[in-house]
Amino acid sequence: MIVELPSNRPPERFYRGGERIASFREESVAPEREPEDWVGSVTTIFGEGELGLSRLPDGPLVRDAIAADPKFWLGADHVRRWGDDARLLVKLLDAGQRLPVHAHPHDAFAAEHLGHAHGKAEAWYILQGGSVHVGLRRDVSAAELAALVEAQDVDALLGLLHEVQVEPGDVVWVPPGELHAIGVGVFLLELQQPGDLSILLEWEGFQLDGAKDGHLGLGFDVALEAVNRRARSTEELALLVQTAPSQGSVFPPAADAYFRLERVPVAGPSVVDAGYAILVVARGSVTLDGAPVAAGSTHLVPASHGPISLDGEGEVLVARPPAA
């Protein structure tokens, strides 16, 4: 069974956005602060009990359905290696304003300091372009970075990062610890580890108390230890920001240990391999197993379903956990 997922837009986020998600999904205009659609989510917003979790159309949480029958949903190989941990969070993200400069911790830091199973690696498939900021232009000392955060010197913080123009079909790989900020107007599909851990280096102009909430409750002296302070050369930057191939796996190989995204052009009959997946119909008029589906729709596919038959004319993006 392939399950079409309704949108799951947590309300009152700290930054603006959401109109591009509503347009993509052909839904009514979103409130001003619903800039993210958490698709097939088994992850809660940091500090929340259920907010962020997706539900199946008949009511149960996706998280609970997977826990009740992990082999059905995730497959036997996945369960042998990782149990009922889906190891994937997929989002549609509409930056109605530039996001703050921030970073996410790696697994070891998250385990040691927060007791979490995952840090947060992420990667983006660009649906509507603009500017993104990623990776340091020069090495930065711990003392300098801490001073900039304390002073809230936004211009200096943003100026530390490479600014790159991205177009639809580009991909951006953001390893754990990498400083980054998404520019206003960018609309993207994000794959990430299933956690909501962010270290915020700026917060002026956003609906949050960064001095209180920007360091995951650890204090900035500890939280900033998770940030990569080494510069990215031009050659390294080219490994982080690339143009996706027209079909097949689109993220750099370094991302495969965390998640995978496949770009599937549809021009007549084709087949997508079996396995747990979240499908996003990026454009066109497409059928899944003979049933017509709308552009902008999202679908959850259990591993037990087997191969997926596609037909029509368009493009489908297939998000998956790492290979077991």
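**Arg25 and the rest of the chain**

Author: Arg25 is found in helix α1, residues 19–25. Helices are DSSP runs of H or I with at least four residues, strands are runs of E with at least two, and both are numbered from the N terminus. The model is predicted: local features need pLDDT of at least 70, side-chain atom pairs count only at pLDDT 80 or more, and totals for chains, interfaces and linings use all residues. Residues are numbered from 1 along each chain as its sequence is written, and side-chain values use heavy atoms, with hydrogens and water left out.

Reader: Is Arg25 buried or exposed?

Author: Arg25 counts as buried, because its relative accessibility is 11%. Buried means under 20% relative accessible area, exposed over 50%, partly exposed in between, using a 1.4 Å probe and protein chains only.

Reader: What does the side chain of Arg25 make a polar contact with?

Author: The side chain of Asp37, at 2.6 Å. A polar contact is a pair of N or O atoms within 3.5 Å; within protein, one must be able to donate a hydrogen and the other to accept it, and residues adjacent in sequence count only if both atoms are side-chain atoms.

Reader: Which residues is Arg25 in contact with, leaving aside neighbours within four places in sequence?

Author: Among them are Leu5, Pro6, Val39, Leu92 and Gly296. Asp37 is in that list too. Contact means heavy atoms within 4.5 Å.

Reader: Switching topic. Where does Pro31 lie?

Author: In the loop between α1 and β2, the latter being 36–39. Pro31 is partly exposed, with a relative accessible area of 44%. Its C-alpha atom is 18 Å from that of Gly205, 174 residues apart along the chain.

Reader: And Ala68, buried or exposed?

Author: Ala68 counts as exposed, at 68% relative accessibility. Ala68 is found in helix α2, residues 62–68.

Reader: Zooming out. How many helices and strands does the protein chain have?

Author: The chain comes to 10 helices and 19 strands. Its radius of gyration is 19 Å, close to the 20 Å of the globule rule for 324 residues, so the chain is as compact as a globular protein of that length. That radius is taken over C-alpha atoms, and the rule is 2.2 Å times the number of residues to the power 0.38.

Reader: How much of the chain counts as buried?

Author: 56% of the 324 residues.

Reader: What share of contacts is between residues 24 or more positions apart?

Author: 75% of the contacts with a separation of 6 or more.
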